[in-house]
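Colleague: Could you walk me through how to read charged contacts in a protein model? I would like the general idea before the particular case.

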Amino acid sequence: MDDKIIIKGARVHNLKNVSLEIPKNKLVVFTGVSGSGKSSLAFDTIFAEGQRRYIESLSPYARQFLGQMDRPDVDEIIGLSPAIAIDQRALSHNPRSTVGTLTEIYDYLRVLYARLGDVFCPNDGTRIQKLSPEEMVNIIIDKAKKLKEETAMILSPVVRGRKGEYYQLLYNMLNLGFSEARIDGKFHSLHEKIVLSRYKPHTIEIVIDRVMISDQTRLFEAVESALAQSKGLLTAIFQKEELLLSANWTCPVDNFAFPEVEPRLFSFNSPYGACPTCNGLGKVDLFLGTICPECHGKRLKPEALSVKIKNKNIQEVAALSIEKAYEFFVEYEDKMSEWDKKIAINVVKEITDRLSFLLEVGLDYLTMEREAETLSGGEAQRIRLASQIGSKLSGTLYVLDEPTIGLHERDTDRLIRTLRSLRDQNNSVIVVEHDEETIFAADYLVDLGPEAGKKGGEVVASGFLDKLLKAPPARSLTLDYLTEKRKIEIPARRTKTTESIRIIGATANNLKNLNAEIPLRKLVCITGVSGSGKSTLLYDVLYKNLNRIKSRINEPLENASKVFGAEYIDKIVMVDQSPIGRSPRSNPATYTGIFTHIRDFYASLPEAKERGYTHSRFSFNRPGGRCEACEGAGFKVIEMHFLPAVTVECEVCHGKRFNRETLEVKYKRKNISDVLRMPVSEAKEFFDGIYMITDKLKVLEEVGLGYLELGQSATTLSGGEAQRIKLARELVGPLGKRALYILDEPTVGLHYQDIELLLKVLNKLVEKGNSVVIIEHNMHVIKSADHILDLGPEGGEKGGRLVAAGTPEEVAKETKSETGKYLKKYLKIHGLKK
């Protein structure tokens, strides 16, 4: 009992009374087609109940701040540990949030710079040291030994570069017992009359004493006296050299007063350290992205940027890639003095540990200054994962949602090692995943299905992976592919064409003056390890410049010397992962235009005609047919002032969006609201024979979205789902020729079967005379491409070059290609000669 999590009767979403036993302290992978119920079981049942129980265990006082969590629809879960979910949510949309602040590395950096940073004057670069009298004495003695001198003259700079006659000051010094001064570089006896020009700046240093270095008591008295007269400064003169020392954070050359060096000086979120012009944002206009003219995007005051470790200020360290930063601090730790180690060895250890965790999860190419809102969902998840490794928790249940998204096969290997290290700390790790390498790395497999939506929600296979591979259950599609009973076949022949787009001298971000040729009327894959420059080449160079050429904008090309071949394409279609709409009213049916045909159909029904209803009656965005209490939203938003807004179901229509009269119009006993709640596959069967609707629903099914509800809010869709809905919208219209389709990882969240369907759709576009260019890490898609452009060899600064180009077979032969190494295996598996 203690070594298992036992679930009895789970009925969340489409789960059909699922009962299951999962071993603890193992790496467990949940698989199944998209919409089969994996996330419903992993997140909405197991994690939700684990979190609810933890909150229930807190005091009533603490619970009032966390809110009441509903119990998931499950009879019983036994043996549950405290649960942590690591999902794909964006980390933060706050422009102040960076990789450094999210991982807390920047907080440790601030402490390190405050404790051990070398301070320099922002004006002239002079080193500033805040010294005690004892330290000054030691410096003078050490300097005398170096210069092999036995005496030193101690002066007190009482006036530095200020205008005036100073008659009274010199008289007062004489009365205090001092007899000599150095004025503007020349020595004068104070017993003589000294006339100074009133309108010229002067520097006056009182000679305190000439002392033997061996007489340390007298030297210490002279130092203390000099500091007392000048309020913190002294000059020590030797025969060959002189020293200017300060007891304050003050530049001895230009009197620049440095603030107290403390951690908040290095915070761009504090007025104490932030650049006053941009308030620490680095930009004066966030919308336009205008760089701050004062700090040049560095976010901090000049004082903060004048504190250095190993000749780098905190911003320069934050601008290093994670890999370079790790090397920097490992080298710094090796060279730390014993004194420095006593002060900050724990801080440096925290920094190097956290950097090494980020390296383990394949984020070596990121920088600490990278803004959180620019991270992909996969990168955000791996940052959370790195933080969890650092926490060194034990006896915890971790639930992860497709952590391999955006990862090259090589980086996936690293990630698997990380997941295993979490497991080896006596944690249970549940991963919802489609990636083949991760599935094969599992100790235990749970496969849901057999299909999506209402045809899914069952456990079709569960057990230790090695046993399941030897005797796969009949209904498991996943195991059919893993055991090669079913395959994603390699195309019998690769498409051959002569037309192409040629890019000359691409230089955006990390691209190294790259030349590339992209063949047209083909399925082309851009591959490479994370951070190698794939998105930069596709978006910043290809997409932007083709748009510029096609729009006849007479401006120089951006980030490239030349782009040839634009005349071979008529339009460019970007199918990215941005949301299909920011409003909860937007949904797959409205976005693809299917809902227009559904409304027309309902308006054509006899019951609607009798009542004089037109198609506008069946719109939840217009008055007339919608519920006016919630204005067709189906819910109301209650503002909680200083707390987040709460969404509650409309008490009039109970989430149905339409008024009673509209809902009385039915087809096959279903009203318009019932249709919006149908999954795509069910709606296709429901409208069988009505081709204006079913043809479009079929396209949604072909791109692997048969499980989505027609009226599902756009705000709840993942990036991959949004991208495939956009692709479906392109496909529902009449297909033209000579279009260039650009996609970024369209296989995100897709099962083998869905990938097979997607490849058919992409090849259909190519067969019609269009061109498809995709960024992809999935080896089954890469092996099916007509042409590959492989970037690398590494990520970040070590990337940005074309490592290999050609058919999958040609790239597999390229020894320098990381993609080629892994591709060999996939081509070999399916019996193709390399």
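Modeller: Gladly! Let's begin with the cut-off: a salt bridge is a side-chain nitrogen of Lys or Arg within 4 Å of a carboxyl oxygen of Asp or Glu. Keep in mind that this is a predicted model. In this structure, arginine 52 and glutamate 49 form such a salt bridge, with N and O 2.9 Å apart.

Colleague: Why are arginine 52 and glutamate 49 separated by about one helical turn?

Modeller: Because the two are three residues apart in helix H1, which spans residues 38–56.

Colleague: Are arginine 52 and glutamate 49 buried or exposed?

Modeller: Buried means under 20% relative accessible area, exposed over 50%, and partly exposed in between. Both arginine 52 and glutamate 49 are buried.

Colleague: How many salt bridges does the structure hold?

Modeller: There are 47 salt bridges. One of them joins glutamate 458 to lysine 16 through their side chains, at 3.9 Å from N to O. This pair links distant parts of the chain, 442 residues apart: glutamate 458 is in strand E21 (residues 458–464), while lysine 16 sits in the loop between strand E1 (4–10) and strand E2 (18–23). Glutamate 458 has a relative accessible area of 25%, so it is partly exposed. Lysine 16 is partly exposed too, with 41%.

Colleague: Which residue forms a salt bridge with glutamate 437?

Modeller: That is lysine 825, and the closest N and O atoms of this pair are 2.7 Å apart. Glutamate 437 counts as buried because its relative accessibility is 15%, whereas lysine 825 is partly exposed at 37%. Elsewhere, salt bridges that share partners join Arg410, Asp411, Glu794, Glu818 and Lys821 into one network.

Colleague: And how should I read charges that are not paired? Which residues form the positive surface patch?

Modeller: For a patch, look for residues with over 30% relative accessible area and no salt bridge, with like charges joined within 9 Å. Here a positive surface patch consists of Lys656, Lys666, Arg669, Lys670 and Arg677. Arginine 669 belongs to the loop between helix H21 (660–663) and helix H22 (672–676). Its relative accessibility is 76%, so arginine 669 counts as exposed.

Colleague: Could we look at one more arginine? Where does arginine 370 lie?

Modeller: Arginine 370 is in the loop between helix H11 (338–360) and helix H12 (377–391). At 26% relative accessibility, arginine 370 is partly exposed. Leaving aside residues up to four places away in sequence, arginine 370 touches Ser97, Thr98, Val99, Leu375 and Glu379.

Colleague: Finally, how do I read the overall fold?

Modeller: The protein has 29 helices and 32 strands, and 53% of its 834 residues count as buried. Its C-alpha atoms fill a box of roughly 120 × 70 × 60 Å along the principal axes. Among contacts between residues at least 6 apart in sequence, 68% join residues at least 24 apart. The accessible surface is about 38300 Å², and carbon and sulfur atoms account for 49% of this area.

Notes. Residues numbered from 1 in each chain as written. Predicted model: local features only at pLDDT ≥ 70, side-chain atom pairs only at ≥ 80, totals over all residues. Heavy atoms only, no water. Helix = DSSP H or I, 4+ residues; strand = E, 2+ residues; numbered from the N terminus. Buried < 20%, exposed > 50% of the residue type's maximum accessible area, 1.4 Å probe, protein only. Contact = heavy atoms within 4.5 Å. Areas by Shrake-Rupley, 256 points an atom, 1.4 Å probe, with all protein chains shown as cover. Patch = residues over 30% accessible without salt bridge, like charges linked within 9 Å, V, L, I, M, F, W, Y side chains within 5 Å. Lys, Arg positive; Asp, Glu negative; His and termini not counted. Charge placed at Lys NZ, Arg CZ, Asp CG, Glu CD.
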